[in-house]
Amino acid sequence: MTVSAKTAHLAPGYVDFLRGIGDNAWLCGPWMGRGFFMFTGIVEETGTIKNIVRGNRSGSLEISAKKVLEGTAVGDSIAVNGVCLTVTSCTSRSFCADVMAETLRRSNLGSLVAGSPVNLERAVAANGRFGGHIVSGHIDGTGKIVRLVREENAVWVHVGTDAEILRLIVKKGSVAIDGISLTVAGVDESEFSVSLIPHTAQETALLSKKAGDTVNLENDIIGKYVQKLLGRPSSDKHAEPAERAAKDAALLDWLKS
């Protein structure tokens with residue numbers, strides 16, 4: 001992967017991150033650890049929740065599917081609404097995965113019921129096509145759909161979320177909503193918007209939701225690495241407003257240069 005001189009000068013750790021991608025067959029190089037898989041945000045199919053077993057704080061899901069089960073074995077990873085889950089058992093028609101308490105706290109999986117549609121994607125192979133953006137399957141938080149607006153053949157989806165997540169969302173950048181790689185069309189201090197083309201609307205479960213429903217959100221992982229390498233914590237609550245503004249301005253200047 002080509003790395004610009006600007007990136008090499010400012011963030012050498014980020015250079016290592018970029019160069020490491022694709023080193024191994026399932027994008028889980030030894031520098032990442034075997035538990036790190038990559039997705040692209042290009043949903044392969046929509047599955048259906050077949051059964052849910054709930055514990056006190058955790059649970060397990062059984063999901064009906066077809067395409068993502070091709071070549072899938074126990075231990076493989078499948079993103080469910082953008083959440084990376086490990087297959088614990090599978091047949092030709094469904095698979096099961098455990099969901100721990102932390103995943104339920106950070107995602108919308110806890111609100112699923114039997115019959116709920118979910119977006120599904122297998123971990124990407126290094127020799128596969130990379131049509132979306134780098135998605136880790138590690139959700140940063142959730143947002144709520146504020147409104148859905150149709151404009152001819154497209155549908156605008158406006159999502160409200162926390163300032164910590166909005167800080168890493170930039171216009172014309174990428175964001176994963178329920179595991180779907182989408183381009184940000186607009187962003188302000190309280191919400192951001194994306195526009196769905198007919199194909200995305202038909203091939204994903206996003207438009208099965210309505211205003212007020214919760215969606216999983218994952219920020220662009222490259223932006224998160226850049227933020228950390230520039231010394232800006234994701235939640236700088238104790239910094240003075242002027243200091244936060246200066247750091248944000250420096251980051252934006254670098255990204256635009």
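Student: Please take me closely through the contact between strand β10 (residues 180-187) and strand β11 (residues 191-196). How many bridges join these strands, and which way do they run, parallel or antiparallel?

Tutor: This is a predicted model, so local features need pLDDT of at least 70, side-chain atom pairs count only at pLDDT 80 or more, and totals for chains, interfaces and linings use all residues. Residues are numbered from 1 along each chain as its sequence is written, and side-chain values use heavy atoms, without hydrogens or water.

Three bridges join β10 to β11, and the two strands run antiparallel. Strands here are DSSP runs of E with at least two residues, and helices are runs of H or I with at least four, numbered from the N terminus. Two strands pair if DSSP finds at least two bridges between them. Val184 has Val194 of β11 as its bridge partner.

Stay with Val194 for a moment. Val194 is found in strand β11. At 0% relative accessibility, Val194 is buried (under 20% is buried, over 50% exposed, partly exposed in between, with a 1.4 Å probe and protein chains only). His158 is 36 residues away from Val194 in sequence, yet their C-alpha atoms are 6.7 Å apart.

Now widen the view. β10 and β11 belong to a closed barrel of six strands with antiparallel pairing, in the order β7-β8-β11-β10-β9-β12. Neighbouring strands of this sheet are turned by 45° against each other on average, direction ignored (axes are lines fitted to C-alpha atoms, and angles run from 0 to 180 degrees between N-to-C directions).

Thr161 sits in the loop between β8 (154-160) and α4 (163-166). Thr161 is buried, with a relative accessible area of 13%. Val146 is 15 residues from Thr161 in sequence and 9.7 Å from Thr161 in space, C-alpha to C-alpha. Lys172 comes in the loop between α4 and β9 (174-177). Its phi is positive, about 70°, although Lys172 is not a glycine. Lys172 counts as exposed, at 62% relative accessibility. Asp178 lies in the loop between β9 and β10. Asp178 also has a positive phi, about 50°, and is not a glycine. Asp178 counts as buried, at 1% relative accessibility. As background, most residues other than glycine have a negative phi.

Asp178 is one of the residues lining the largest cavity, and others include Gly179, Phe39, Val135 and Glu121. A cavity is a set of points on a 1 Å grid over the protein atoms alone where a 1.4 Å probe fits but cannot get out, and lining residues have an atom within 4 Å of a point. The structure holds one cavity of 30 Å³ or more. About 60 Å³ of space lies in the largest cavity (the space filled by probe spheres set on the points, which are joined across faces, edges and corners). Strand β6 (residues 117-122) gives the most to this lining, with three residues. The lining divides into five nonpolar, five polar and two charged residues (Ala, Val, Leu, Ile, Met, Phe, Trp, Tyr, Cys and Pro count as nonpolar, Asp, Glu, Lys and Arg as charged, the others, Gly among them, as polar).

Six bridges join β1 (residues 45-54) to β2 (residues 59-64), and the two run antiparallel. A hairpin of four residues links β1 to β2. Thr48 stands opposite Ser64 in β2, and Ile52 stands opposite Leu61 in β2. On to the next contact: β2 and strand β5 (residues 94-99) are antiparallel, joined by six bridges. Here Glu62 has Cys96 of β5 as its bridge partner.

The whole structure has zero of them (a disulfide is a pair of cysteine sulfur atoms within 2.5 Å). For Cys96 the reason is distance: the closest cysteine sulfur, in Cys90, is 9.0 Å away, too far for a bond. Cys96 counts as partly exposed, at 22% relative accessibility. Cys84 counts as partly exposed, at 22%.

Technical notes: On a 1 Å grid over the protein atoms alone, a cavity is a set of points where a 1.4 Å probe fits but cannot get out, and a pocket is an open set with protein on both sides within 12 Å along at least five of seven lines; lining residues have an atom within 4 Å of a point.
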